[in-house]
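Me: I have a new structure to get to know. Can you walk me through it, bit by bit?

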Amino acid sequence: MTSIRISRPDDGERAIEIWRHAIDATHHFLTPEDRQAIDAMVCDFLPQVPLWLAVDANDYPLAFMFIDNGHMDALFVDSAYRGMGIGAMLVRHGLALHPSMTTDVNEQNLQASDFYEKMGFKRTGRSALDGQGRPYPLIHLKYGSF
């Protein structure tokens, strides 16, 4: 049984571990240097913000989502638990809170863009660079009619 709860201070280390497993499985397009630089940013950031966690029956985090003002900044599922509907469960939770939620996805991450489009998100634009100015194009997505 998987449930959703808000993160606690002691969940930070596991959130970083989830992020690393997910990135290693899906973000092969990152250069080693960029991967290392992003990892350092994530290690500083993730433990400080409130995350929605998908946890198993033993309260072990399997995935997380971060939403800021209706924008889903992060959705990561530990690679060992991909394909089990956990990401979709988190997105549905986010949509219950923010029915017009937006998100961005790396253009090179085709699995993620397909996932969001199957969940009902529509493309609203594209940026040539990521949020840190790196050459990883982003697809901008929004849920619902607009």
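Me: Let's start with Ser7. Is Ser7 buried or exposed, and why?
Reply: Ser7 counts as buried because its relative accessibility is 17%. Buried means under 20% relative accessible area, exposed means over 50%, and partly exposed is in between, with a 1.4 Å probe and protein chains only.

Me: Before we go on, what sort of model is this?
Reply: This is a predicted model, where local features need pLDDT of at least 70, side-chain atom pairs count only at pLDDT 80 or more, and totals for chains, interfaces and linings use all residues. Residues are numbered from 1 along each chain as its sequence is written, and side-chain values use heavy atoms, with hydrogens and water left out.

Me: OK. Where is Ser7 found?
Reply: In the loop between β1 (3-6) and α1 (12-26). Helices (H or I, at least four residues) and strands (E, at least two) are DSSP runs, numbered from the N terminus.

Me: Which residues is Ser7 in contact with, leaving aside neighbours within four places in sequence?
Reply: Val49, Pro50, Leu51 and Leu53. Contact means heavy atoms within 4.5 Å.

Me: And how many Å apart are Ser7 and Ala96?
Reply: 18 Å, C-alpha to C-alpha. In sequence they are 89 residues apart.

Me: You mentioned β1. Which strand does Ser3 lie in?
Reply: Ser3 lies in β1. At 36% relative accessibility, Ser3 counts as partly exposed. Beyond its neighbours within four places in sequence, Ser3 is in contact with Leu53, Ala54, Val55 and Met89.

Me: New topic: α4. Which of its residues are buried?
Reply: Helix α4 covers residues 110-118, and its buried residues are Ala112, Ser113 and Tyr116. Seen down the axis of α4, these fall within an arc of 95 degrees, so they line one face of the helix. The arc is that of the directions from the helix axis to the C-beta atoms.

Me: What's on the other side of α4?
Reply: Leu110, Gln111 and Lys118, which are exposed there.

Me: What covers the buried residues of α4?
Reply: The cover includes β4 (71-77), α3 (86-97), β5 (102-106), β6 (121-127) and β7 (138-143).

Me: Back to Tyr116. What does Tyr116 touch, not counting residues up to four places away in sequence?
Reply: Met72, Leu75, Val91, Thr103, Val105, Phe121 and Leu141.

Me: Which members of the largest nonpolar core touch the most other members?
Reply: Met72, Leu75, Val91, Met101, Tyr116 and Phe121, out of 21 residues in that core. A nonpolar core is a set of buried Ala, Val, Leu, Ile, Met, Phe, Trp, Tyr and Cys residues joined through side-chain atoms within 4.5 Å.

Me: Which element gives the most to this core?
Reply: α3, with five residues. There is also a second, separate core of 19 residues, including Ile18, Leu46, Leu51 and Phe66.

Me: On to pockets. What is the volume of the largest pocket?
Reply: About 1,200 Å³. On a 1 Å grid over the protein atoms alone, a pocket is an open set of points where a 1.4 Å probe fits, with protein on both sides within 12 Å along at least five of seven lines. Grid points are joined across faces, edges and corners, and a volume is the space filled by probe spheres set on the points.

Me: How does the lining divide into nonpolar, polar and charged?
Reply: Into 26 nonpolar, twelve polar and four charged. Ala, Val, Leu, Ile, Met, Phe, Trp, Tyr, Cys and Pro count as nonpolar, Asp, Glu, Lys and Arg as charged, and the others, Gly among them, as polar.

Me: Last topic, backbone angles. What phi does Asn69 have?
Reply: Asn69 has a positive phi of about 50 degrees, although it is not a glycine. Asn69 is in the loop between β3 and β4. At 76% relative accessibility, Asn69 counts as exposed.

Me: And Asp59?
Reply: Asp59 also is not a glycine, and its phi is positive, about 70 degrees. At 28% relative accessibility, Asp59 counts as partly exposed.

Terms used. 1 Å grid on protein atoms, 1.4 Å probe; cavity = no way out; pocket = protein on both sides within 12 Å on 5 of 7 lines; lining within 4 Å.
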